[in-house]
Amino acid sequence: MAGFWGKRKREEQAARAAQDADLARRAEQGLVATDERIRTAGDELAFAEAELGVSLTKDLKTALDAVRTHLREAFQLHQLNHDEIPDTDEELRTRNARIVQLCEWAEDLLDEKTATLAESISRVRQAPQIIARVRKDAETLSDRLPQIRTSIERLSARYSDSAMRQISASADEAEQLIAFATHGAQVSERRRDARQNEEANLALETATEATRRASALLDAVEDFEIEALRAESTLAEVVADSRGDIVAARSAPKVPAVSAAIADLENALGALSPAATRNDPFAELSQLRTANTALDEVIAKAHYRAQNPLPSVAQVQHSLDDADRQLGVARGLISGHRGWIGADARTRLAEAERLRVDVPELIDAEETREQALTASRRVAQLAAEALQLAQHDIDSARPQQQGWGDDGWGGGRRGGGSNLASGIMGGLVIGSILDGLFD
């Protein structure tokens, strides 16, 4: 057996030594690779500064300074691994792991910053093509302007000012953006010729964004016409549906809320613009849908209330009074035997008292009166459970020796406790029966 454990220990030591050797090899390779990466990144930074300027290359310069600082720490750790002072395996392992971590961090940071810089350089080198595309887009958008103006005039004759507000100025705004894009392209060219690449890039980006926004404005005019036609079609369907709902609502329960909802829907129908007049199909559709939905909700609520009558305030108050009585009994029993009561009974009592606090605010409003009744019954149920659990804890905690009952001590007290619980539980049952008489 000793030979088995010795062999196993030697195998573990060999595996650990192999892992340490691999870690040391990765640390040395990482130092060499990162040092070369810093030199390469420095060359890239010099070329980028000449092409883009100092401002656009600031992030790479900052990252390069940080990497150089931390690589010095890695070289110092490597030097400690090879000085004349003996080191433990754990010390060597910790230093090599730190060297690998620093090298990987440096590589990742430089990769991220140089990739971002490469995108900027690519945009600068492609600036002539981008400028040409901006001018071509501006020309295409300018050719669309007369047609868009004609569409706006035609739509204005059909739809009201409120509906047209979202596109009435689209052509003028697009024209201004097109002019701005053309000017931005010219500025970008001049700045590029003056080797002010940062300002040239900024002007080119704003010109590109201006053409994008102008195109979106012109597309919105065409989209508006399609959406307006769709809204008109939907409006006709909702009108027919609303008239059918009004007819069906006549047979709904006669309650004030239903009558008011019918009147609101009739008013919404009456407020629709006459045929062949300028209208706002979006606003009219929204108003009619709102009134139609409100009528459906009121009718559904009226049918539910007809099948489930609302409890009276007196009924809820009676249920709450009964819950208070049960709470008082449970609270008194638990307070009188605190040392004997466990967590379950205390939890039920605490939850019942928490629910009891919110019940009075729910009684008056019809929307929450059912919730108040349900909550009061839940309070009573939790109080009864707390009382039952508390009595069980008390019975379990009292002495169980034989012969105590004959002298009027233990047996009499235990019997008295059981009788007390029986009387209390009987009162709870009677209370719940009386509560049911009012349901």
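In which handedness of crossing does α2 pass α3? The crossing is left-handed, a term used where the near helix is turned anticlockwise from the far one by less than a right angle, with right-handed used for clockwise. The model is predicted, so that local features need pLDDT of at least 70 and side-chain atom pairs count only at pLDDT 80 or more, while totals for chains, interfaces and linings use all residues. Residues are numbered from 1 along each chain as its sequence is written, and side-chain values use heavy atoms, with hydrogens and water left out.

The protein chain contains 14 helices and zero strands; these elements are DSSP runs numbered from the N terminus, helices being H or I of at least four residues and strands E of at least two. Of its 439 residues, 34% count as buried, where buried means under 20% relative accessible area, exposed over 50% and partly exposed in between, with a 1.4 Å probe and protein chains only. Among contacts between residues at least 6 apart in sequence, 78% join residues at least 24 apart; contact here means heavy atoms within 4.5 Å.

The pair named at the outset consists of helix α2, residues 58–81, and helix α3, residues 89–125. Their axes lie 9 Å apart and the packing angle is about 165°; axes are lines fitted to C-alpha atoms, for helices over the stretch in contact, and angles run from 0 to 180 degrees between N-to-C directions. Because of that angle, α2 is roughly antiparallel to α3. The cut-offs are under 35 degrees for roughly parallel, over 145 for roughly antiparallel and 65 to 115 for roughly perpendicular, with the rest oblique. By class, the contact of α2 with α3 has 18 nonpolar, five polar and five charged residues. In this scheme Ala, Val, Leu, Ile, Met, Phe, Trp, Tyr, Cys and Pro count as nonpolar, Asp, Glu, Lys and Arg as charged, and the others, Gly among them, as polar.

Ala 41 counts as buried because its relative accessibility is 0%. Its C-alpha atom is separated by 9.6 Å from that of Lys 113, 72 residues apart along the chain.

The next pair is α4 and α6, which pack at an angle of about 165° with their axes 9 Å apart. That angle is why α4 is roughly antiparallel to α6. Here too the crossing is left-handed. Residues making the contact include Ile 131, Leu 141 and Ile 152 of α4 and Ile 178, Ala 181 and Arg 192 of α6. By class, this contact has 14 nonpolar, four polar and six charged residues.

Attention now turns to the nonpolar cores. A nonpolar core is a set of buried Ala, Val, Leu, Ile, Met, Phe, Trp, Tyr and Cys residues joined through side-chain atoms within 4.5 Å. The largest has 29 residues, and those with the most contacts inside it are Tyr 159, Met 164 and Phe 224. Two or more residues each come from α4 (127–156), α5 (161–164), α6 (170–193) and α7 (197–249), and the largest share, 10 residues, comes from α4. Leaving aside neighbours within four places in sequence, Met 164 is in contact with Ile 152, Leu 155, Ser 156, Tyr 159 and Phe 224. A second, separate core of 25 residues includes Leu 23, Ala 27, Ala 63 and Leu 77.

Helix α7 also packs against helix α9, residues 281–307: their axes come within 9 Å and cross at roughly 30°. The two helices are therefore roughly parallel to each other, and their crossing is left-handed. The contact of α7 with α9 has 14 nonpolar, three polar and seven charged residues.

Ala 276 lies in the loop between α8 (256–270) and α9. This residue has a positive phi of about 65° although it is not a glycine. Most residues other than glycine have a negative phi. Ala 276 counts as exposed because its relative accessibility is 89%.

Towards the end of this account comes Leu 389, found in helix α13, residues 366–397. Leu 389 counts as partly exposed because its relative accessibility is 27%. Not counting residues up to four places away in sequence, Leu 389 touches Asp 344, Ala 345 and Arg 348. The C-alpha atoms of Leu 389 and Ala 330, 59 residues apart along the chain, are separated by 9.8 Å.
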